[in-house]
Amino acid sequence: MNQVIAVAEHKGHNRMRSGLRFLFLQGPHGPFFGQLAAHLRAAGSEVLRVGFNKGDEVSWPGNLPYIAFRGKGADWPEALRRIVADNKITDLVIYGDGRPVHSAARALSAEIGLPIHCFEEGYLRPYWINYERAGTNGNSPLMHQSVSQICTLVTGKANELRPAPVHWGSIWRHSWHGAIYHGQILFRNRDYPNYRSHRDVSIVSEWALQSRRLALLPWSLFRRKLATGKLLRSGSSYQLALLQLGHDSSVADHSDFASMRQFVDTCMAAFAQAAADNEWLVFKAHPLEDGRENIRIAVKVLSRQYGLTGRVLFLDGGHLGPLLDGAKSVVTINSTAGQQALWRGLPIKTLGRAVYGKPEFVSQQSLVDFFRNPIGPDTVAYREYRLYLLSTSQVAGNFYMARGRAGIVRKVIAMMLAENDPYEEFAKQNSIARTNLRLVASRGKHDHA
């Protein structure tokens, strides 16, 4: 039976497209996009990059075609249309879909039916990156798939799951590539006079913030270890709030929050109404938090305002696993780290739009009721959902370490050349397998007769 299914799946496997011309826009810091493009060209496709600053230019291999866009932001949509037409582009490649230059690419893709390949940090971080078509996060096809539909596709396979890793392992490399990228823009960007960052601060300010963060890392690590150790040894019950980067597109484009301070205020107001007097509220900062909002001070001020002094703790980063292991519940906007909470069966409340924000997984209670008596997820359904992600859009590896990039490229080239996106292909292969199971069963009955 397994041989029949294997043959049927092989015959119905996602067909590879040919004669493709990929246009790369902005990617993650570092050499990933350049390496990916080189492998696509080796596989027979044409590649082209549009760069918007010196960081884009320097990170692209010198032997691959490159176009410098030096116009103003308002000129970009029409310039993109011309570049696509003049170069007979068949596919677009982006990292994150919230930047203005990428929003224009998504709009053109939808208008003329041009495939767009979207990379992003993984929904199941760490150790996985995200590859989808059409969009990510709130624009992902996952937003339109119900848990019942997903579970139908993976029924009986949940025992294939692997545990969720708790260590990222590449934060120093991430910071290093980011420093090089922004250094190029800060000191060598005269050829791109109209460049404006998609961030809410200037390049000079971002460089200063990142430099300060790196300089203070030893002190931050010492302070964090003391605070975390005190919390875990105290035996106190605590509810965990996962902070994100306020300027990240997952917050700016897929939530109603304007800042992390606003999220902190919302959490404290509800916690003050609902939580038991012996419970703590712990805010854990994003690993790449650079201090632009000074959340530590906001937490201190707001804890006094809500009468929570001595019951609120701020941790500037650190490993998430041990904190989750001791937490009573988790609240976040839409952090991908919420999936580590779900893996552990913890109750979770999301206040933004998340790909895992299904009623079977995240609490539908008000935030006050959640803090008072949090309701947990359907853990069986979540295991099947997680397997679905690992079988479709999640690719093992990371963008910032050589071995991690090699792992991604090794798998994703075939996914990019394929006719179907990962979700469509998974559904198609499952349909073929089920059809052949029925055929084998029917033949067995006929032979027995």
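This is a predicted model: local features need pLDDT of at least 70, side-chain atom pairs count only at pLDDT 80 or more; totals for chains, interfaces and linings use all residues.

User: How should I read the open sheet of five strands, and what is its strand order?

Analyst: As a general idea, the strands of a sheet pair through backbone hydrogen bonds, either parallel or antiparallel. In this structure the five-strand open sheet has the order S9-S8-S7-S10-S11, and its pairing is parallel. Strand S9 (312–315) and strand S11 (348–350) are the edge strands, each of which pairs on one side only, and neighbouring strands are turned by 20° against each other on average, direction ignored.

User: How many bridges join S7 to S10?

Analyst: Strand S7 (residues 237–242) and strand S10 (residues 329–332) run parallel and are joined by four bridges; within this pairing, Leu-242 stands opposite Thr-332 in S10.

User: Which helices pack on that sheet?

Analyst: Helix H10 (residues 260–274) packs on the sheet and touches S7, strand S8 (279–284), S9 and S10, with its direction making about 170° with that of S8. Helix H11 (residues 295–305) also packs there, touching S8 and S9, and its direction makes about 180° with that of S9.

User: What is the order of the open sheet of seven strands, and which pairing does it have?

Analyst: The order is S3-S2-S1-S4-S5-S6-S12, and the pairing is mixed. An antiparallel case is given by strand S5 (residues 116–121) and strand S6 (residues 128–133), joined by five bridges, where Phe-119 has Tyr-131 in S6 as its bridge partner. Helix H2 (residues 32–42) lies across strand S1 (21–24), strand S2 (46–51), strand S4 (91–95) and S5, running at about 175° to S1, whereas helix H16 (residues 402–417) lies across S1, S4, S5, S6 and S12, at about 140° to S12.

User: How many residues does the largest nonpolar core have, and which have the most contacts inside it?

Analyst: In soluble globular proteins, nonpolar side chains tend to be buried together. Here the largest nonpolar core has 42 residues, and those with the most contacts inside it are Leu-142, Leu-240, Val-330, Tyr-356, Phe-361, Tyr-385 and Tyr-388. Helix H15 (residues 379–391) gives the most to this core, with seven residues. Leaving aside residues up to four places away in sequence, Leu-240 touches several residues, including Val-282, Leu-320, Val-330 and Val-331.

Key: Residues are numbered from 1 along each chain as its sequence is written. Side-chain values use heavy atoms; hydrogens and water are left out. Two strands pair if DSSP finds at least two bridges between them. Helices (H or I, at least four residues) and strands (E, at least two) are DSSP runs, numbered from the N terminus. Axes are lines fitted to C-alpha atoms, for helices over the stretch in contact, and angles run from 0 to 180 degrees between N-to-C directions. Contact means heavy atoms within 4.5 Å. A nonpolar core is a set of buried Ala, Val, Leu, Ile, Met, Phe, Trp, Tyr and Cys residues joined through side-chain atoms within 4.5 Å. Buried means under 20% relative accessible area, exposed over 50%, partly exposed in between (1.4 Å probe, protein chains only).
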